[in-house]
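Grab a pencil and work through these exercises with the model open beside you. Each task comes with a solution in steps.

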Amino acid sequence: MTDTVEIVAQRLRAAFDSGDLTTLAPLLRPDVRWGGEDETPETCHSRADVLAWYGKAAEAGVRATVTETVSGPDAVLLGLRVTGRDPVRTRRGQMIYQVFRITDGQVADIRGYPNRDEAVATLSSVD
């Protein structure tokens, strides 16, 4: 699965760096879930939900640049420098870390983490 994870990692980087949602769509399973362990109103449950969220963020001027990718056995961590949300907090870019769990060559689950160490720790324990 390592080759598949590496390919998805490269494609995720390209999609985020380009800001082109049409390149992100085929990387996501139709039933992709994005959110924490708990269900909240912000939890996404489909490809359409995830793309709509990213689309709204882009319309609001939010940009994410990939600063690093780290691949695990069945997941990819993206370090993202986010700009445009809040001019004071994102003047130099706020760092966020997301882990994308890969199933059958597509992203099945996306989880955000408050710091790099937590995100890296989950790479080998994603289930």
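Two strands pair if DSSP finds at least two bridges between them, and strands (E, at least two residues) and helices (H or I, at least four) are DSSP runs numbered from the N terminus. The model is predicted, so to speak of local features takes pLDDT of at least 70 and side-chain atom pairs count only at pLDDT 80 or more, while totals for chains, interfaces and linings use all residues. Residues are numbered from 1 along each chain as its sequence is written, and side-chain values use heavy atoms, with hydrogens and water left out.

**Exercise 1.** Work out in which sense β4 and β5 pair, parallel or antiparallel.

*Solution.* Start with β4 (residues 94-103): its pairing with β5 is antiparallel, over 7 bridges. Y97 sits opposite Y113 of β5. Next, look at the hairpin: 2 residues separate the strands, and D104 has a positive phi near 50 degrees. Finally, β5 (residues 106-113) also runs parallel to β1 (residues 28-34), joined by 3 bridges.

**Exercise 2.** Find which residues are linked with R29 in a network of salt bridges.

*Solution.* A salt bridge needs a side-chain nitrogen of Lys or Arg within 4 Å of a carboxyl oxygen of Asp or Glu. R29 reaches D31 with closest N and O atoms 3.2 Å apart, and D104 at 3.8 Å. D104 is in the loop between β4 and β5 while R29 is in β1, so this pair ties together parts 75 residues apart in sequence. The network therefore links R29, D31 and D104.
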